[in-house]
Amino acid sequence: MHLSVKNLSHSFDYPLFNDISFELPSKSSVSITGGSGSGKSTLLHICSTLLKPNRGEIFFEGKSLYKLNADELINIRRNDVGIIFQSHFLFKGFSAFENIELSSVLTGLPLEDELLKKLGISHILKQKPGDISGGQQQRVSIARVLSKKPKIIFADEPTGNLDTSTAAEVTELLFDYIKSNNAVLFLVTHDLNLAKRCDMSYKLENLELKDF
Ligand SMILES: Nc1ncnc2c1ncn2[C@@H]1O[C@H](COP(=O)(O)OP(=O)(O)OP(=O)(O)O)[C@@H](O)[C@H]1O
Ligand SMILES: [Mg+2]
């Protein structure tokens, strides 16, 4: 997967970014940091098929996302894109296992025990999201995303609820995943050390993406 972001601008009540561009080649990662309200999640939503920008284009493998028809966009969203949201969006009435199983049902890919072990959630699979900790919910949502084998992972504060050592393990898993699956990682984080571990690190500030 190769992601190109070209001349993107977007505003809500106030302008968030103006004319930003960057490239994310296969197996590489980019991090976006910046103050609260600077537009990081909005940028992630635009790049991940969820929100059409006011101006500019997003290309997946050279295809301009928002010029595709609705069916093509849905297929890309279903098969290629994995989004780890800032809030987990787990289904409350389903067990952890059923939540993860959902993406396998959609894609027809088998669930890998190894992934559940690495995330340290094998023992809580029967429990409902309300009965597990915030960090465990976060890891269930990461398992759900990775088990559909996305080509591009969008992660919005994926380690926000995790203690330092679990955060490091989960991050390692995401970096390993993109290397072994020719995928790419788009990471929004407040953790500057984690941000620096990406191939490219940008800060969203004063409408621009600055190297940091
Ligand atoms: N759908 C929307 N409609 C109107 N305004 C929105 C919408 N989504 C976001 N905003 C506004 O855009 C601004 C940027 O929001 P965004 O969620 O992108 O910030 P962020 O950098 O991710 O912040 P945080 O670090 O707190 O998560 C905020 O002022 C927010 O209220
Ligand atoms: Mg945000």
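Reply: In this predicted model, strands β3 (residues 29-33) and β9 (residues 200-205) run parallel and are joined by four bridges. Within this pair, Ile 32 has Tyr 202 of β9 as its bridge partner.

Helix α1 packs on the sheet and touches β3, β7 (152-156), β8 (184-188) and β9. The direction of α1 makes about 155 degrees with that of β8. Helix α5 (residues 134-146) also packs on the sheet, where it touches β6 and β7. Between the directions of α5 and β6 the angle is about 175 degrees.

The sheet as a whole is open and consists of six strands, in the order β6-β7-β8-β3-β9-β10, with mixed pairing. Its edges are β6 (81-84) and β10 (208-211). Each of these two has a single partner strand, so one side of each is left without a neighbour in the sheet. From one strand to the next, the twist averages 20 degrees.

The shell consists of Phe 12, Leu 16, Gly 34, Ser 36, Gly 37, Ser 38, Gly 39, Lys 40, Ser 41, Thr 42 and Gln 86. By type, eight residues of the shell around ligand 1 are polar, two are nonpolar and one is charged.

Key:
Residues are numbered from 1 along each chain as its sequence is written. Chains are lettered from A and ligands numbered from 1 in the order in which they are written. This is a predicted model: local features need pLDDT of at least 70, side-chain atom pairs count only at pLDDT 80 or more; totals for chains, interfaces and linings use all residues. A residue is near a molecule or strand if its C-beta atom, placed from the backbone, lies within 6 Å of it. Ala, Val, Leu, Ile, Met, Phe, Trp, Tyr, Cys and Pro count as nonpolar, Asp, Glu, Lys and Arg as charged, and the others, Gly among them, as polar. Two strands pair if DSSP finds at least two bridges between them. Axes are lines fitted to C-alpha atoms, for helices over the stretch in contact, and angles run from 0 to 180 degrees between N-to-C directions. Two residues are in contact if their C-beta atoms, placed from the backbone, lie within 7 Å.
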